[in-house]
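Please look through the sequence and the model shown below before reading on. The report that follows takes up a few places in turn, beginning with a question.

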Amino acid sequence: MNFKQIISILFCFSIYSRGLFLNRGLFGFDIDLFAYPFFIFLFFYLIFIKKFRLRFFLVFFIIELILFFPYFFSQLPINGYFKVCLPLLLILPSVYSYLHNQNLYYFFKNYIKVSKWVAIIGLVQFALKIVGVSIFSKYTNTVDLHSIVTEPSHYVVVMLPAFVFTYFHYKSFKKEFWIILISLILTFKVTAFLSLFIIYIIIKRKIRNLIFILPLGYLFYLYIISFDQFSFRLLSILDFYFSSRFKGILHGTPLSFLSNLNVAIESANSFLFGGGVGSHPYAYDLYFKKNEWIGIDYQFGINKNSGHSLTIRLLSEFGYAGLIIFISFFVITFNKLKHNYHLLTILFAAMAHFIAKSIKLGGYIDFGTPIFLSLLLVIILKKHDLKSDI
């Protein structure tokens, strides 16, 4: 294995590394002790070999300066802004520069290679859990698969793009396709099933396909709510909004979702562009100083740092305008690439990550989000043709 291959494998592994290398106390905030040092190394390495995209860095720096604008209206503490923007100023240009000079199919081959072995570890983990042995897991009372990743829902976020890419390139990745699909199903999480359903609808977007898919989706919904772990999540949220019998007692995922969503709506209603990047945790505390807490007391602040999901966090920190821009970005990108099959497969793979993260997880830096965003930027800005790589 040469140096180029080692860098590529480590680059891909950074997508999965948080579960093994997360440290919450060393610097006073969450840090991935593998990914962060690796991206610092990548930053200086690309400068040294003269492949760092300085123009992209300067443009992104200007964008970050513009993103400070909402703080003039929200008057929230600016700590969150620097906590997000300073690491991103190093990480995103480094990732973009690396992929800009990379054969994208070579990246996906290594990403899928790493994904396959992470999935195999997950399948071993699942088999051992059945007989009462737990590896890489703090969830000893369930058999839900999550491999070396922190949680089953997080596993879906990092694995789904690999699954989508193997779906489109099935002839080249038959074995990987089935290994990854089985592992996703064995997470037993709503995030997995809902993400797979949404991305499948987007891929099979013709009306004649939806005639069959949507009724099947409804029947599947009726089936999964017959299980307590699914009905607890889905029905609690529906009862909160639509049932007069709701008594205001929430915990776990429904509490996380609804508490963070209420904060986000308040922020978006206060200013069209939201509270400002990194502001959500402060907006959360401010909101519940004024409003009654809707759940169990000891779970106050559940997932307030991430906003529960990317969609909720974007609504909170970038407002209605930011959320519309985010969705429009994918629509415009699709319209631009819809006649290029090979670039479209990258779009759908990256989109799968953001779909899953819009259901669960709202961090801008963790679980490969800068990588999947950079993939989109590369295929738009570089006019790269993946077909020549296959």
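With which side chain does the side chain of S115 make a polar contact? The partner is the side chain of Y16, at 2.6 Å, where a polar contact is a pair of N or O atoms within 3.5 Å, one of which, within protein, must be able to donate a hydrogen and the other to accept it, and where residues adjacent in sequence count only if both atoms are side-chain atoms.

This is a predicted model, in which local features need pLDDT of at least 70 and side-chain atom pairs count only at pLDDT 80 or more, while totals for chains, interfaces and linings use all residues. Residues are numbered from 1 along each chain as its sequence is written, and side-chain values use heavy atoms, with hydrogens and water left out.

S115 lies in helix α7, where helices are DSSP runs (H or I, at least four residues), numbered from the N terminus. The relative accessible area of S115 is 0%, so S115 is buried; here buried means under 20% relative accessible area, exposed over 50%, and partly exposed in between, with a 1.4 Å probe and protein chains only. When neighbours within four places in sequence are left aside, S115 is in contact (heavy atoms within 4.5 Å) with Y16, M159, A162 and I180.

I130 is another residue of α7, but I130 is exposed, with a relative accessible area of 55%. Between I130 and V143, which are 13 residues apart in sequence, the C-alpha to C-alpha distance is 6.4 Å.

E176 belongs to helix α9 (residues 174–185).

**Helix α1**

Helix α1 spans residues 3–13, and its buried residues are I7, S8, F11, C12 and F13. The cover over these buried residues includes α2 (18–21), α3 (35–48), α6 (79–100), α7 (104–130) and α17 (369–381).

**Aromatic pairs**

The structure holds 53 aromatic pairs, counted when the ring centres of Phe, Tyr and Trp (its six-membered ring) lie within 6.5 Å; planes under 30 degrees apart count as stacked, over 60 as edge-to-face and the rest as tilted. Two of these pairs are set out here.

| Pair | Distance between centres | Angle between planes | Class |
|---|---|---|---|
| Y111 and F372 | 5.8 Å | 65° | edge-to-face |
| F329 and F330 | 5.5 Å | 75° | edge-to-face |

Because Y111 lies in helix α7 and F372 in helix α17, their pair ties together parts that are 261 residues apart in sequence. Y111 is buried at 0% relative accessibility, and F372 is buried as well, with a relative accessible area of 1%. In the other pair, F329 counts as partly exposed at 24% relative accessibility, whereas F330 counts as buried at 10%.

**A nonpolar surface patch**

F69, F72, F73, I265, L272, F273, Y320 and I324 make a nonpolar surface patch of about 790 Å². The elements that give two or more residues to this patch are α5 (71–74) and α15 (310–337). Patches are made of residues with over 30% relative accessible area and no salt bridge, with like charges joined within 9 Å and nonpolar side chains (Val, Leu, Ile, Met, Phe, Trp, Tyr) within 5 Å; a salt bridge is a side-chain nitrogen of Lys or Arg within 4 Å of a carboxyl oxygen of Asp or Glu, and accessible areas come from the Shrake-Rupley method with a 1.4 Å probe. F72, found in helix α5, is exposed, with a relative accessible area of 60%.

**Positive phi in two loops**

Most residues other than glycine have a negative phi. K50, in the loop between α3 and α4 (54–66), has a positive phi of about 60° although it is not a glycine, and at 75% relative accessibility K50 counts as exposed. L361, in the loop between α16 (341–357) and α17, likewise has a positive phi, of about 95°, but L361 is buried, with a relative accessible area of 9%.
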